[in-house]
Amino acid sequence: MTEKDLVIDDITTDAMATPSPAKSMGDPGITPLSPTHVLKDSEENEPTRHHFVVVVAIDFGTTSSGYAYAFTKEPECIHTMRRWEGGDPGVSNQKTPTTILLTPDKKFHSFGYAARDFYHDLDPTESKQWLYLEKFKMKLHTTANLSIDTDLHAANGKKVKALDIFAYALAFFKEQALKELSDQAGADFDNADVRWVITVPAIWKMPAKQFMREAAYKAGLATRENPDQLIIALEPEAASIYCRKLRLHQMVDLGTKTSLNGYSPTENVGAGMNQGDRYVVVDCGGGTVDLTVHQIRLPEGHLKELYKASGGPHGSIGIDYEFEKLLCKIFGQDFIDQFKIKRPAAWVDLMIAFESRKRAAAPDRSNPLNINLPFSFIDYYKKFRGHSVEHALRKSNVDFVKWSSQGMLRMNPDAMNALFKPTIDHIIQHLTELFDRPEVTDIKFLFLVGGFAESPLLQQAVQKMLQGRSRIIIPHDVGLTILKGAVLFGLDPSVIKVRRSPLTYGVGVLNRFVEGKHPPEKMLVKDGTRWCTDVFDTFISADQSVALGETVKRSYTPAKPSQQVIVIHVYCSEKESVSFISDPGVKKCGTLKLDVSGTESPAARREIQTLMQFGDTEIRAMAIDVATSRSVKAGIDFLSQ
């Protein structure tokens, strides 16, 4: 970290006696007192570690979810949850769909296959009253100003609080996991003995990660008083930890299509990885695609993130949207919109039918794919338009989609592949940009993980793009990779040693005004001293390497000695260099309030130390009044903008 040109010359106490001067942002006046210093692995007194008996990881996915666990006594043995009731033919049901059903009075009813089946069996007049939600996780990624009050819409159009839905889902998993653990132990298993890990996409912004933590508190997984019981893990990091441990019989090398490739099958991929080897994890889920670049650091095999996570909302649900667009083109947007509202359960059925055919799409497929149209679709269309579905298909001049007399849409393989194209193109574009970056050279392996990684169309596109530049490896249990890696991460969170900061963080301060350097409109004169307001004092810059537990410590002094409450605002920005808190794109993301009333400071200037801890998946901050050792801790609040 560079020494900042902070003003640390002798500021006399009377010069400090200015009312809070930050004009434009209403920031209280604090001025820097000392140069930065960075503490490695906290010199701070760490709370005593709780010894958990078991680590349970929840992979809360856009399309499907599940949990896995391991006892701390036998970390090598990862158990995935029991099989779910009511799985779909042709889809492995190690995970259950991320679908939730609430009763007409908004109480939790069921989750997963159970929710879907119950909803499906309701009479159409009843089903309009019930609240059915699916694929709702993406709302956390796509909502620009996410807050605790963000709403979601159920299939019948009714609104519900997103926080309630996420909390219900997490509470469901908590109950399932504790029940399974209790059955195994033959006695009630106590939640206090569980360390919970919830996975989120690495490209999620801080508000979305915090939202997940808030939902977990609401679901009773952990409490604000004991936040360490819950770890928010990043999906591609979890995948990375797992992939490193893979034995060669547990994966397919796309280059050779064998599982052996010159090593013995029980050998570790890690054995093929040497000090400094770089690899990319491409996590293709239902909602997002996450790209992470890691480097192995031996001897412990710790991981270092080489480039900040990238990607975007290009998961497999993009293909569902394309299918919906195709239906709108054939049958009319007005009809599809009405059908979804009037026959929500039948719409869900149609998408389930599409889902299983979607999985059959492959580059070399030559025979058409048949998609069952629910009877109520055919029936409702006839009522709505006054002519048949068959007539609509003939008129629509959509190539490659025909009507079969058994009541099915017949899709030519080219038509199905065209639905994949926009999503796959986005992924390939992200990968191409990533591989063109100077910091991403000589990548030895590319691990393709996440449910969408099973798609032969995606696999072929990635192969074509890489042209042999690195080996493409797909774990056999590709849909469970993140889940298993998240358990390993919960057992040893220190395995990821160096991360890249996704944002620039700092606080707003007053500095001595420097002619020619500071803009005149930021000048404030008080008692003959010229101050520059709104200065952004950077703690850490975007894309800077941060070691796990690295703490940045700064000292400030209040601009007015008589201040009773010292308020320090924390700001963040996606830009690497920021000069002022009023710069475009700078957001306030947290506040530290330190009450110093009733204590006289013997020192001429009161010293307030601010500490921020980085390098974890979440950020912590605290402020200390040095004279009295009074301190405040703060999670940075990204949700109350």
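A: F323 and F354 are both buried; buried stands for under 20% relative accessible area, exposed for over 50% and partly exposed for values in between, with a 1.4 Å probe and protein chains only. The model is predicted: local features need pLDDT of at least 70 and side-chain atom pairs count only at pLDDT 80 or more, while totals for chains, interfaces and linings use all residues. Numbering starts from 1 along each chain as its sequence is written, and side-chain values rest on heavy atoms, with hydrogens and water left out.

Across the whole structure, a search gives 28 aromatic pairs. Rings of Phe, Tyr and Trp (its six-membered ring) pair if their centres lie within 6.5 Å; planes under 30 degrees apart are stacked, over 60 edge-to-face, and the rest tilted. Y279 and F447 make an edge-to-face pair, with 5.5 Å between centres and 90 degrees between planes. Y279 belongs to strand β15 (residues 278-284) and F447 to strand β21 (residues 445-449), so this pair ties together parts 168 residues apart in sequence. Helices (H or I, at least four residues) and strands (E, at least two) are DSSP runs numbered from the N terminus. Y279 is buried at 0% relative accessibility, and F447 is buried with a relative accessible area of 0%. F323 and F354 form a stacked pair, 4.0 Å centre to centre and 0 degrees between the planes. F323 sits in helix α9 (residues 317-331) and F354 in helix α11 (residues 344-358), so the pair links distant parts of the chain, 31 residues apart. One aromatic cluster is formed by F331, F335, F339, F377, Y380, Y381 and F384.

Charges also sit over rings, where NZ of Lys or CZ of Arg is within 6 Å of the ring centre and within 35 degrees of the ring normal. R512 lies over the face of W531, 5.8 Å from the ring centre, and K522 over the face of F580, at 5.3 Å.

R213, in helix α6 (residues 206-218), is buried with a relative accessible area of 10%. Beyond its neighbours within four places in sequence, R213 has contacts (heavy atoms within 4.5 Å) with residues including P227, L230 and E618.

Strand β7 (residues 99-102) is covered on both faces, with T99 and L101 buried on one side and I100 and L102 on the other. Strands pair if DSSP finds at least two bridges between them. Four bridges join β7 to the antiparallel strand β9 (residues 131-134), where L133 stands opposite I100. Three bridges join β7 to the antiparallel strand β8 (residues 108-111), where S110 stands opposite L101.
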